[in-house]
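User: Please take a close look at one part of this structure and describe its surroundings in a connected account.

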Amino acid sequence: MIVTDLPGYPSLREYQRIVGTKQFSAIEELAGRLSGVRLQEINSTRYGGGVSEILISYVPFLNALGLETTWSVMEAEPAFFDVTKTLHNFLQGRGGGFSPAMIETYWEAQRQNEGLIEDDSDVVTIHDPQPLGLVEFLTNRELERKRLLWRCHVQLETVPTATVGSIGNILRRLVEKYHAGVFSSFQYLPLWNVPSFIIPPFIDPLSEKNRDLPLSEIDATLAKYGIDPEKPIVTQVSRYDVFKDPVGVIQAFKKVRQKMPCQLVLVGGRACDDPECFIVLREVRETAEDDPEIHILDLPPDSHREINALQRASDVIVQKSIKEGFGLTVTEGLWKEKPVVAGSVGGIPLQIRDGWNGYLVSTIRETADRILHLLRNPELAVEMGARGKEFVREYYLLTRGVQDHLTAVDQVVNGRITARDSVICYHPQVVTTRMAGCAARD
Ligand code: UDP
């Protein structure tokens, strides 16, 4: 499926106003250097989850810059998404066996989507493991002519690859066919033979999810869901997924509420490539025990403005993940000037400096203590929120993401990566020291 119904888009000059002319000129210069290069993005879901959230803004932005960019979504049977969910969990370090039948289901879906890589694309970015295998269907000539990037959004643990035919071995072999890998954080770099870039994800400050909203709209959203505007609001926005630990959030909230009146809002939805969410949602409802101060929302995938309103109405944003790729919900909360209490995992410590713009937590007890501290000290919450917004402005907006990606594309296209040596494009906030033998972004 080719995504064409992208929403009306803010003008590039509006972004320039947010981030300043210096960064903007750098982006325009890169786009000029890549003029005529055709880009294609491929992932496995149109709605739901961080990858589609990124592509919804990234693709129109590149087109507005004059770089022709298309977005294709693979289509497959539910059985395939069961397999790729297990694969996702496996990559994030949760065990799970792979039977030959599962591997066959994976390949069946790749075959069904064989034609997805467009003939005339020059640089193809494949997101996550779901469409990773499409590289197998390219001829040697195509592989020479095109440039293929694998953009990994998951928190990649050390994957055992020694056994030939094992899932880890298959993945490694596939990834090593790509011209480069892109990882969200230094910690997730696999020790594989693929040049790699470190590029954290980003949010779009002008999207429906993140733009400023009138107060009346925020109030109306609270009223719609029966949330009391007078009582402190603690919110977690996340797919219903065990790694997001919504059950742990409820347990922490119950502790906080023993000491201070407040409400919990769990905002979630069902990413259409995640078959497990129904099970998690059931468990969440059981744990909440019909508590009227726990609002469990199961929203349609296009509820961006409502999520925006709920984040803005909150006193504290929580993201109590146990595993996390990057955690765009953290970025979104910080951008809305909220202190964020979040699990110290994955990309979250790249966004939260403990005690500065939020708190990093591991246990339910800690989560409860930090939420309570922020609710009892609203001035501190305001200070942290202000720092959070400026931090995101500097490092985690769409413009910075585009700049980093175009830098990577430029290196791959214009031949600065010629061999399969490890070239790392540092994001300045991720790694502050240079390592011998690695290239740094300007
Ligand atoms: N999101 C959403 N609806 C939901 C749950 C999440 O629109 O019901 C959005 C959320 O606002 C964020 C993205 O999906 O933009 C989730 O990205 P994140 O990196 O936090 O987690 P992922 O789902 O990719 O693991």
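Analyst: A residue is called buried under 20% relative accessible area, exposed over 50%, and partly exposed in between (1.4 Å probe, protein chains only). By that criterion, four of the five residues of strand E9 (294–298) are buried, and the strand is mostly covered; strands (E, at least two residues) and helices (H or I, at least four) are DSSP runs numbered from the N terminus. The model is predicted: local features need pLDDT of at least 70 and side-chain atom pairs pLDDT 80 or more, while totals for chains, interfaces and linings use all residues. Residues are numbered from 1 along each chain as its sequence is written, and side-chain values use heavy atoms, without hydrogens and water.

Strand E8 (263–268) runs parallel to E9 and is joined to it by five bridges; pairing requires at least two DSSP bridges. Within this pair, Asp 298 of E9 is the bridge partner of Gly 268.

Lys 338 is buried but forms no salt bridge, the nearest side chain of opposite charge being Asp 315 at 6.5 Å; a salt bridge requires a side-chain nitrogen of Lys or Arg within 4 Å of a carboxyl oxygen of Asp or Glu. A polar atom of the Lys 338 side chain does lie 3.0 Å from the backbone oxygen of Arg 312. Beyond neighbours within four places in sequence, Lys 338 is in contact (heavy atoms within 4.5 Å) with residues including Gln 311, Arg 312, Ser 314, Ile 317 and Asn 357.

Elsewhere, helix H16 is mostly covered, with 15 of its 16 residues buried, and Gly 415, with a positive phi near 80°, follows H16.

Conventions: Lys and Arg count as positive and Asp and Glu as negative; His and the chain ends are not counted. A polar contact is a pair of N or O atoms within 3.5 Å; within protein, one must be able to donate a hydrogen and the other to accept it, and residues adjacent in sequence count only if both atoms are side-chain atoms.
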